[in-house]
Amino acid sequence: MRKYFLLFLILISNTRCIDAVSKTKEQKSKQPAAKKEDNLLDLKFSILYVVQKYLDPSRIDPEKMLISGLESAAKNIPEIMIRKKKSTIEVLADNHKLNLDRKLGSPYFLIIRFSQVFNFLKKHLPADVDLKKIEHAVIAGMLETLDPHTNFLTPEYYKEMKIHHSGAFGGLGIVVSMCSGRLSVISVLKDTPAYRKKIKSGDKILEIDGESTDNLSLNDAVKRLRGEPATDVTILVKRKNRSPFKLTLMRKSISFDSIKTKIIKRNNKKIGYIQVKSFQMPTSRQMKSALKEMIKQKVSGIILDLRNNGGGLLSAAINISNYFMKSGTIVSQVAKHRSKHLRIEKRADSSSTIYDGPLVVLVNEKSASASEIVAGSLKYSNRALIAGNRTFGKGSVQDVIEFPGGGALKITISQYLTYGDASIQGRGIIPDIHVKNVDLRNFNKNREINYYISTLKKYRESFLKSSLQAHHKTKLMKSYFKIWSLIKPSPKKDFICNYCGVDSDDLSIYEDIKLSEDSTSRVAAKLLAALQDKKAGRMVMLKKYGNFIKRIKKQEDSRIVNYLAKQGVDWKKGPYKKNENLKIDILPATKTTRAGDWLKVKVKVTNQGKFPVYRLRAVLHSTNPRLDNYEIIFGKLKPSSSLTHKTMVKIPQGVSARVDALKVNLWSHLAKIKGSASSRLKIKGNQDPRINLNYRFIDDINQDGVLEKGETGKFIVKVKNVGKGETGEARMTLKNLTGNQIDFIKSRAILSNLKPGKTRKVVFKIKARKLTGPKLWDLKLIYNDCIYGNKIELDWKIHRQFKARPKIKKMGEKWQKLQKNTTGYDVPWLDQQKKFVEIKQGTAVKVMSQMNGYLKVQIPATRQTFAWIKADTGLQKSTLSMSVRSQWRRYRKKVNYPWTYSPPNLILATSAVLTRKNEVEITGSIEDKDGIRDLYLKLVNAEKKIVGRKIFYRSFGNKQKRSFKIKVKVYDKTNIISLTARDKSKASFSRNLIINKNY
């Protein structure tokens, strides 16, 4: 091992000292900034710290890390393909090959392998491929083999994480999101600048300091709204039924409100309610203040709500646990590193205890990490009773190591055990009172019933790829009580954010459940209000008040029975007798459902037995996630009677064609009834749109492609849909990558519902504010169709005014004929120009001026439109004196507008199927007049935890037409195979094929 470590030091000898991350702030400030070319510094640091600090060296498998890292690179870069062989791994880049030995004696040899790969990629990948992006992809894939929580944090993400944990930032006090493509206010925090200026939920922010938000991403907008406290920001706000208005707000330090409190009055007693949203730096202090205030209020008990709390700072969790515990171990950190076994304990100190009265802790499947430390220690020390649902099960501890380049490694260094050495890793905390929230809202057409399956197949730590095994398994105790409790929806929200690509029919019309209607807190409050013992602990509440909890269970059950009775369902309990003589029929509703329509399923149940069946329900199982685990409530079914229920679910617009299996099982309350019925569901996917573009730039002064100060420029884009279906929720924006040198007059356009064969013209406008920065200003044209997942990003550069630019020479504006076919450009600059017109030989053009080796000519066929053609283009003098109109009539057929961006036409001959085979053959063809560059396939299979794995790549050498026949391995359940074809200019088009296997 020593020689490997020396080898590693030699390999990174041209980088900064490896212990830089542990230096003091003064030392860090003296370090030079990381160079752009850092010789895989982030990758090398990641490997070093994995070997030095990872909690379990036996999980470090260099071969797996190598393969996973390379697969991650292939997933992110189209030109890279990986092929695994017995003893080697083959890396392909643009049809060049590199063979690597996949056997590695030590993790340090990963440095050699990845260095070989990057040297190979530098030689054979296009110059515009970002190698830093590949490096970060390799690190992500490599770390994925260890556990789900060991990750590389990019500089941008790490910066946001530090702000979150700090619990404060300079801002306005609003939560924003992109709703229907507009920057919108979701909520406003009290006692903040936004609250005092009466900003409301639903307000749209059109500008920030004079810059349009149309071309800003959500992250960019948030960065501009935030800033140093005591600084001003001006926003342009659009409110419903009101003209846009400007507001100037002074930023202040905004503290995250991680604690929410309330006093609940029940049975003439006060019950304290404390919700902890996350564990941050201010959380301990806020909790201490809340507890002291509740003691002053003389509460009879406290509800500590940790639901939906994903964790945070370990120190905050320890402090809060100590506020309730007088003695014992709060948490132990344990790890096995090489031959050493690490154990670090944090014990409760009675001097820090604040509250020792009755306590109920609420948890659910989204309670994780620090939340589980608090819940676990309070449960296993018998300090508090736990109510709710089983927690997530994240029992690992991460350290964050900052790298010189601004990124960081979040690495798992240990597992934690709660009081009594109880391990929760992958297991979670089992509540003492299991409260199953019952949601029966699907009587409103498509709201999904959530009754018995309310905690079925919940997302937990153990489901994650490469999840850790528990340090040592402790016996999981079952819940003492199980209560089904009805939740009642709150009134509709005033504002609902329609996120891009989400069907409005799928949006919940209700806000979060109010505390007064929250079933779990209602059960906890009833129990605490009934307690007579002021110091009642967990076991006292469970044993002494067990009968009272059973009464609560009956009360909650009666609420459900009464609610269903109003819906015409008899849900009263009755004696269960084994009845295997029920007939199930899945009645034909719609043979084929189109994407965007409602899928209808009718289930008919006939009781052919002698006894009634009580609390009859059906559960649907399907390869279609919209129907899988869907519940149908029938209620009481008498002998010789039938009940029919129609279920409707919305199939989103834009989904691919698929054939799904459907199976129906019957239950009587908790008892499964023998028998089932099966059917198939066919969904016809929408025809895909396919977008072609022709685009050019025109400036007001001289039309020379150079923006002078105060000059306006137009970006003219023609969009044609050459696909077979109309566009979905499509938008086009012109994004500013330069800075505040440019004012945007118009930078956003809606391209939704553009029908096949139709063309739409879009004009964006900008104005030069000041002539600074690089000579070429950077912009980006972005087209995004959220329904179909189609996205186009095109770089666009514009010359600003500069001293050395050539002068324009006037040419007398005489008509001349072209002696050969000629290409017309929008500007006379090679590094900026776009080809937008093709003019045939013999066409007459009016020569207007000359500049930079190009002639500016008027094209009669376009009615006053001009183009720049190369000055050496053959021209023949003409004595023509015809009017422009007559010229247009004569030469209009000799002018053509080519589609500069024209993606390949990808045709799939293979259809979506249900299969039992391990392999399917995919056939189809590709056409592109500019030449087909390549085709690649990616696979998604949730069952196998495969996300975007590249499974095929082929280059076509810019041929105009090619057919393909590809054999692809498929796995159980749903396989989504994405095919992407690119042309010579990297314009791409994708199609999805869905194969369901063995269901």
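**Close-up 1. F245 in strand β11.** F245 sits in strand β11, which covers residues 245–250; strands here are DSSP runs of type E with at least two residues, helices are runs of type H or I with at least four, and both are numbered from the N terminus. This is a predicted model, in which local features need pLDDT of at least 70 and side-chain atom pairs count only at pLDDT 80 or more, while totals for chains, interfaces and linings use all residues. Residues are numbered from 1 along each chain as its sequence is written, and side-chain values use heavy atoms, leaving out hydrogens and water. Is F245 buried or exposed? F245 is buried, because its relative accessible area is 14% (buried means under 20%, exposed over 50%, and partly exposed in between, with a 1.4 Å probe and protein chains only). The C-alpha atom of F245 is separated by 9.9 Å from that of I205, and the two residues are 40 apart along the chain.

**Close-up 2. The covered helix α11.** Helix α11 runs through residues 314–324. How many of its 11 residues are buried? Eight of them are, so the helix is mostly covered by the cut-off of under 20% relative accessible area. Among the buried residues you can look for A316, A317, I318 and I320. Further along, S321, N322, Y323 and F324 are buried as well.

**Close-up 3. A patch of positive charge.** K475, K478, K482, K550, K553, K554 and K573 gather on the surface in a patch of positive charge. Patches are made of residues with over 30% relative accessible area and no salt bridge, with like charges joined within 9 Å and nonpolar side chains (Val, Leu, Ile, Met, Phe, Trp, Tyr) within 5 Å. The areas come from the Shrake-Rupley method with a 1.4 Å probe, and for residues only the protein chains shown count as cover. Lys and Arg count as positive and Asp and Glu as negative, while His and the chain ends are not counted. Each charge is placed at NZ of Lys, CZ of Arg, CG of Asp or CD of Glu. Which helix gives the largest share of the patch? That is α15 (residues 546–566), with three residues. K573 lies in the loop between α15 and β25 (582–587), and K573 counts as exposed because its relative accessible area is 58%.

**Close-up 4. A salt bridge between K535 and D356.** The side chains of K535 and D356 meet in a salt bridge, 2.8 Å from N to O (a salt bridge is a side-chain nitrogen of Lys or Arg within 4 Å of a carboxyl oxygen of Asp or Glu). This pair links distant parts of the chain, 179 residues apart: K535 is in the loop between α13 (519–530) and α14 (538–544), and D356 is in the loop between β17 (340–347) and β18 (359–363). K535 is exposed, with a relative accessible area of 52%, whereas D356 is partly exposed at 30%. By the salt-bridge rule, the count comes to 47.

**Close-up 5. R731 and its polar contact.** Here the view turns to R731, in strand β36 (residues 730–736). R731 counts as buried because its relative accessibility is 13%. The side chains of R731 and E729 are joined by a polar contact of 3.3 Å. A polar contact is a pair of N or O atoms within 3.5 Å; within protein, one must be able to donate a hydrogen and the other to accept it, and residues adjacent in sequence count only if both atoms are side-chain atoms.

Close-up 6. D660 and R658 form a salt bridge, with their closest N and O atoms 2.8 Å apart. Are these two residues buried or exposed? Both D660 and R658 are buried. In another salt bridge, the closest N and O atoms of D778 and K797 are 2.5 Å apart. This pair also links distant parts of the chain, with D778 in strand β40 (residues 776–785) and K797 in strand β41 (residues 790–800), 19 residues apart. D778 is partly exposed at 28% relative accessibility, and K797 is partly exposed at 33%.

**Close-up 7. Around strands β52 and β53.** K945 is found in the loop between β52 (919–941) and β53 (946–969). The phi of K945 is near 60°, a positive value in a residue other than glycine. N958, in strand β53, has a positive phi of about 65° although it is not a glycine. V940, V947 and I976 make a nonpolar surface patch of about 210 Å². V940 is found in strand β52 and is partly exposed, with a relative accessible area of 31%.
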